[in-house]
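Hi everyone, thanks for coming. I'd like to walk you through one structure today, starting with the overall picture and ending on its surface.

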Amino acid sequence: MKSLRLRVALWFAASVAAVMVVFVGVTFLHLRHELRIEKWERTQERNADWALHGSYSESEVADIVGELWSLSLLYATPVLLLAMAAGYVVARRAFRPVEEMNRQLQGIGARNLGARVDVTRADHEIRAIGENINGLLVRLETSFQQLSDFSAQVAHELRTPLTLMRLQIEEAAGRIEPTLAESMQEELKRLSDYVDQCLLLATAEQGRLQTQPAPLDLREVVGDVVEAYALLAREEHRSIDWAASEATAHADPRYLRQLLHVVLSNALRHGEGTIVVRVRTEAGSAICQVLNRVRSGPAATSAGNGIGLRLARALATALAVELTAGPTAEGQFAASLRLRSPGR
């Protein structure tokens, strides 16, 4: 598809060509008509009474108008090329505010919905589009803020009754069938974890997560988290293949552990077989990679609600960690965290 600038340049050149064709055509017809009816008269100084009258022949008329066409075709090509170049330059200058507005819009996301596009130096038409876009951003920001506040409030309101229910079941453990009590505790714990994740997600996506980055030993942090998850994996008859080399990073250890919890929980919930965890240093960055086979069967597609990956991305953004997650060519699911090293 041709760019708009190129189409404007072609249109400009076509307009110039049309004007030239009309001008040369009219000139050709008028000149040919005049030459055919033109009568010339020539006199001599020595014999002023003598006058020679005549007119142009058809061959002379054809030669004259043919010369006109040849000259027209000779200068038409460079004129059209210059017209196309001028049209392209004019179109490029005219669309520069649009490019600037697109560049500004690409930098606006969920974390900076308060940003606005600035096209104050553009023409009236472009400024009108920019003002409408800014109005749309205001409405989106208001709706997003109201939705986030509502989600955070709902999650906060659910925490207390869930905690009370868990305590009541613990106190009534002697009067409830043990299997039923254990099942209710597991469900309540799952709901409590989900509520905590929603609260953390709302805080992170609103940019209100207060991080305190500091130098840390990534091998030690990941090792602590892996040690806890090795017990959970064993209950599901799975294992964690864990290996690490020395790697230091600069991040908030508290929220980094939260991020690792999300990634390993996702591997346990949606994967099968051995979970491979590796920590290494690569190109001046500390890398933590988690690999596992994707669980097959209908449960693989129905399990989960997508909040885990969304929370992981929100935490990674808050921690300035580069997170990549997706299937590999070998049919596994890989989640990779790239952390900057101290001093970089």
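Here is a short tour of the chain and of one patch on it.

A word on the source: this is a predicted model, where local features need pLDDT of at least 70, side-chain atom pairs count only at pLDDT 80 or more, and totals for chains, interfaces and linings use all residues. Residues are numbered from 1 along each chain as its sequence is written, and side-chain values use heavy atoms, with hydrogens and water left out.

The chain has eight helices and nine strands, taken as DSSP runs numbered from the N terminus (helices H or I, at least four residues; strands E, at least two). What does the C-alpha trace span along its principal axes? About 145 × 45 × 45 Å. The radius of gyration is 39 Å, whereas a compact globule of 344 residues would be near 20 Å; that is over C-alpha atoms, with the globule rule of 2.2 Å times the number of residues to the power 0.38.

Buried residues are 30% of the 344, buried meaning under 20% relative accessible area, exposed over 50%, and partly exposed in between (1.4 Å probe, protein chains only).

Now the surface. L6, L10, M84 and Y88 form a nonpolar patch there. Helices α1 (4-37) and α2 (58-106) each give two or more residues to that patch. L6, in helix α1, counts as partly exposed because its relative accessibility is 32%.

Methods
Patch = residues over 30% accessible without salt bridge, like charges linked within 9 Å, V, L, I, M, F, W, Y side chains within 5 Å. Areas by Shrake-Rupley, 256 points an atom, 1.4 Å probe, with all protein chains shown as cover. Salt bridge = Lys/Arg side-chain N within 4 Å of Asp/Glu carboxyl O.
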